[in-house]
Amino acid sequence: MKTKTNIWSAISDIVNIHFLFISESILINTLLTKNNILGQNHGSANDFLEFVSFIFNIPSINVTKIISFCIFLLVIIGLLLNTKAMFENKESGISIVGPILGIIGNIDCFLGGTLRATSIITFIVAAVFSSLQRPIRQHN
């Protein structure tokens, strides 16, 4: 029996993979342009956000704050989906490897730093195992 929560947790893991790739490249680009390492100071995401905050009279918006909030939001959604999928899999007799790896990947992503690189690999493996939905092997 296939569970929909398992499919949604796999989709959540795939979204987290893509968002982590994009966010890391934006953060590195912002860091390099802020410290003027690239030799140019135009065209960064911070310039666009400063323009938007000026037009709508919002206090200054920072790219890193927005990315951090989005990562936090995706991690919470992923933790909830993977936890629910783990309990549903246990009741249905489906392997719980995918949801457990998804939970580990979300915790790694939440802790941040160098663990974000390992969480990308963990999310890939978790998405594969969650989408397979193999039944638990019975040992005789």
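In this predicted model, a nonpolar surface patch of about 660 Å² is formed by Phe 72, Ile 76, Leu 80, Ile 107, Phe 110, Leu 111 and Leu 115. Helix 3 and helix 4 are the elements that each contribute two or more residues to the nonpolar patch. Ile 76, one of the patch residues, sits in helix 3.

The search of the whole structure turned up one aromatic pair. The ring centres of Phe 72 and Phe 110 are 5.8 Å apart and the ring planes meet at 40°, so the pair is tilted.

The table lists relative accessible areas for some residues.

| Residue | Relative accessible area | Class |
|---|---|---|
| Phe 72 | 40% | partly exposed |
| Phe 110 | 49% | partly exposed |
| Ile 76 | 34% | partly exposed |
| Cys 70 | 26% | partly exposed |
| Cys 109 | 3% | buried |

Cysteines are the next topic. A disulfide is a covalent bond between the sulfur atoms of two cysteines. How many disulfides does the structure hold? The count is zero. Cys 109 is buried because its relative accessible area of 3% falls under 20%. Cys 70, at 26%, is partly exposed.

Note on methods
Residues numbered from 1 in each chain as written. Predicted model: local features only at pLDDT ≥ 70, side-chain atom pairs only at ≥ 80, totals over all residues. Heavy atoms only, no water. Phe/Tyr/Trp six-rings, centres within 6.5 Å; stacked < 30°, edge-to-face > 60°. Buried < 20%, exposed > 50% of the residue type's maximum accessible area, 1.4 Å probe, protein only. Disulfide = S-S within 2.5 Å. Patch = residues over 30% accessible without salt bridge, like charges linked within 9 Å, V, L, I, M, F, W, Y side chains within 5 Å. Areas by Shrake-Rupley, 256 points an atom, 1.4 Å probe, with all protein chains shown as cover. Salt bridge = Lys/Arg side-chain N within 4 Å of Asp/Glu carboxyl O. Helix = DSSP H or I, 4+ residues; strand = E, 2+ residues; numbered from the N terminus.
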